[in-house]
Amino acid sequence: MSEPENAKVKRRDLIRKGALATGLLGVGGTAALLATRAGKDRYVWQLDPEKCIQCGNCATKCVLRPSAVKVVHAFALCGYCDLCFGYFPPHFEPDSAIEEPAAESQLCPTQAINRKWVEGPHFEYTIDEDLCIGCGKCVKGCGNFGNGSLFLQTRHNRCVNCNECAIAIACPAQAWRRVPAGHPYLLKGEDRQT
Amino acid sequence: MATPAERQKSNQLGPEFQYDLTELRKVDPGLVHYEQSARVATGMQEPRGIAVAADGRVLVAGDTLVRAFDGAGKAVAEFVAPRPPQAIAVGPGGTIFVAAKDRVETFDAAGKRLAAWEPLGEKAYLTSIAAGEKDVFAADAGGRCVLRYDPSGRVVTRIAGKVDEKGAGGFLIPSPYFDVALGPDAALWIVNPGMRRVECYTYDGQFERAWGKASPRIEGFCGCCNPVHIALMADGSLVTSEKGLARVKVYRPSGMLASVVAPPSAFAEGTAGLDLAVDAAGRILVLDPRERAVRMFVRKKA
């Protein structure tokens, strides 16, 4: 393989690792804060992405508006696809695979997913948590067609940790559980701890 | 468990928040030229690969074994695979080639282990294997290449796909599906899933042609990365399977859609990884991992 190809791979890996590290810094920071604030033996609510069926209740049953549940992205699982079906609606048909789509071509009703070209036919997808309401529509698309790298988590910088979580009560998949405040996220892929 | 309708009602979200594939799952019945004729339970938890031997036996690889069925679907033999098999192929001489994650292992027709070829390293992730008279081809999704082996297990060529003058291109493999199959006239067919097309190469890796279009329509390949598996028919037509919108179709060698074998409605939602084989009678064998079964499709009588 020629030198430019090697350089491309390294750059993509660097971006992937950098993005992952950035995401983990946020999660880790929240975990440390929670552990301090809540004490070591305290527990918080979290959604198990392996059980989640994206029913939509996370968007509407939370006591907060918008919900404390947001989509997060496991970059290590992502294919960085040009045609991401967590981003595009399933009926989307490109004229050109790397055209920049109009807002109405996006799957997310609140346009909470940002798409940024990386290189070649590869794109990076990030979540604007201020716009995300946790409906899980993109999670369905990604799980159906892609690697399932998008998934829902309650963000503990927003969650008020109700004694009885209203979403957990409404969840038809029994996907919610209490987790130690020091490890408040149930991640996917290589980042998953429990 | 609540039904989808109950969930939709209870979540109080508007229609723009619903994810619905109902329309896309519909296929013109006039295009469906095949029907299921038989279903054979594999008895495996995770069946992963299927192949047909020259003697007509259907071989299924999965879990940690290979199980052989006769043409009627009766299990007639099985043998243990030392490493979890990812894919399987049978050479014209009867040698069975099993691809584990990082190496190819060979067995005789009775299941006696013959050899384990050199491991390919930590990054290797073999997903498919095809065997010809004197050549064996293994698709390595981790290495983004197809390896051409000689009969002794020596790597002769690494085929990295069609790369342009700027070094761009090659095989795009966003998810762990990367298939290879051999056609008549020494045609080597390789799926380029991230480009939603199949590509034809010579055995020494020279690109010849490609076809395929990203589209949710029945003639295209839907989603980020499809098709996931291919198989060749005797006349050179290609059978393809897709994930996301699970469907099995037959294309002429030119890339023109010829038939739908099984529309999305034939599969449970979420079905992925439908490996394919074609037997001497022209039956299309679909390994359905959700049903853990081989589903046999025959052409409908006119």
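Reply: Two residues are in contact if their C-beta atoms, placed from the backbone, lie within 7 Å. This is a predicted model.

Me: How many residues does the contact take from chain A and from chain B?
Reply: The contact is counted over residues on each of its two sides. Chain B gives 27 residues, and the number from chain A is 32.

Me: Which helix gives the most to the side of chain A that touches chain B?
Reply: Helices α1 (3-38), α2 (57-61) and α3 (137-145) of chain A each supply at least two residues of that side. The top contribution is five residues, and it comes from α3(A).

Me: How do the residues of the side of chain A that touches chain B divide by type?
Reply: Ala, Val and Leu are among the residues that count as nonpolar, and Gly is counted as polar. On that basis the side of chain A that touches chain B divides into four charged, 11 polar and 17 nonpolar residues.

Me: What pattern does chain A follow along the sequence?
Reply: Chain A has four helices and six strands. Read along the sequence, their order is α-β-α-β-β-β-α-β-α-β.

Me: What share of the contacts in chain A between residues at least 6 apart in sequence joins residues at least 24 apart?
Reply: For chain B, residues 24 or more positions apart account for 45% of the contacts with a separation of 6 or more. For chain A, the corresponding share is 77%.

Me: What is the radius of gyration of chain B?
Reply: The secondary structure of chain B comes to one helix and 24 strands. The globule rule gives 19 Å for 302 residues and the value for chain B is close to that, so chain B is as compact as a globular protein of that length. The C-alpha atoms fill a box of roughly 60 × 55 × 45 Å along the principal axes. The radius of gyration of chain B is 19 Å.

Me: Is B:Tyr34 buried or exposed?
Reply: B:Tyr34 is found in strand β1 (residues 34-41) of chain B. A residue counts as buried if 20 or more other C-beta atoms lie within 10 Å of its own. B:Tyr34 has 22 such atoms within 10 Å, so its class is buried.

Me: What distance separates the C-alpha atoms of B:Tyr34 and B:Ala258?
Reply: Not counting residues up to four places away in sequence, B:Tyr34 touches several residues, including B:Ser259, B:Val261 and B:Ala262. B:Ala258 is 224 residues from B:Tyr34 along the chain, and their C-alpha atoms are separated by 11 Å.

Definitions and conventions:
Residues are numbered from 1 along each chain as its sequence is written. Chains are lettered from A and ligands numbered from 1 in the order in which they are written. This is a predicted model: local features need pLDDT of at least 70, side-chain atom pairs count only at pLDDT 80 or more; totals for chains, interfaces and linings use all residues. The radius of gyration is taken over C-alpha atoms; the globule rule is 2.2 Å times the number of residues to the power 0.38. A residue is buried if 20 or more other C-beta atoms lie within 10 Å of its own, exposed if 12 or fewer, and partly exposed in between; C-beta atoms are placed from the backbone.
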